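My entries follow in the order I made them.

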Amino acid sequence: MARILAIDLGTKRTGLAVTDPLMIVASPLETIPTHHLLEYLKSYTSREEVSAIVLGWPKSLDGTDTNMTQPVVSLEKRLRKTFPNIKVELVDERFTSKMAMQSMISMGSKKKDRKEKAGNLDKISAAIILQTYLNRK
């Protein structure tokens, strides 16, 4: 069964999340260096069936573009070209980093651990983006 993959693009690191085969639950998958993203996705999609890629759409509180909007637009175009048979959708990612941090705090993560494990924040953010997408459907 196909899965849905979510991407929280960052300048240095990118968080990834994926659904279970029934496409009900979003789970953090991995955090990878951004410059390896496309090669990782090619490898992942060769092993797993992916029906859609959900990309976090960065907007500021007032709805204007952020410094990450253009890189996301560029990635969206590359994804559509590289994976023409996989649907690519954008999902508002406002507040996902704050929600991810709150999740880490509520799970008992200490301040020191949260700083050292910034990669966890990225993949948890991707999972929140993906769960938002799933909840909309």
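Entry 1, a surface lysine. I looked up K77 and found it exposed, with a relative accessible area of 57%. My terms use a 1.4 Å probe on protein chains only: buried is under 20% relative accessible area, exposed is over 50%, and partly exposed lies in between. K77 sits in helix α2 (residues 69-82). I take helices (H or I, at least four residues) and strands (E, at least two) as DSSP runs, numbered from the N terminus. From K77 to V88 I get 9.2 Å, C-alpha to C-alpha, with the two eleven residues apart in sequence.

Ground rules. The model is predicted, so I need pLDDT of at least 70 for local features and 80 or more for side-chain atom pairs, while totals for chains, interfaces and linings use all residues. Numbering runs from 1 along each chain as its sequence is written, and side-chain values use heavy atoms, without hydrogens or water.

I count a nonpolar core as buried Ala, Val, Leu, Ile, Met, Phe, Trp, Tyr and Cys residues joined through side-chain atoms within 4.5 Å. The largest one has 20 residues, and I7, L9, L37, L41, I53, L75 and L79 touch the most other members. Elements giving two or more residues are β1 (3-8), β2 (13-19), α1, β4 (50-57) and α2. Helix α1 gives the most, four residues. A second, separate core has 13 residues, including A6, A26, A126 and I129.

What does I7 contact, leaving aside its neighbours within four places in sequence? With contact meaning heavy atoms within 4.5 Å, I find a list that includes L16, L37, L41, I53, L75, L79 and I129.

Which residues of α1 are buried? They are L37, Y40, L41 and Y44. Seen down the axis, they fall within an arc of 95 degrees, so they line one face of α1. I take that arc from the directions from the helix axis to the C-beta atoms. These buried residues pack against β1, β2, β3 (26-33), β4 and α2. On the other side of α1, I find E39 and S46 exposed.

I pair rings of Phe, Tyr and Trp (its six-membered ring) if their centres lie within 6.5 Å; planes under 30 degrees apart are stacked, over 60 edge-to-face, and the rest tilted. That rule gives one aromatic pair. The rings of Y40 and Y44 have centres 6.2 Å apart and planes at 15 degrees, so I log the pair as stacked. Y40 and Y44 are four residues apart in helix α1 (residues 37-47), about one helical turn.
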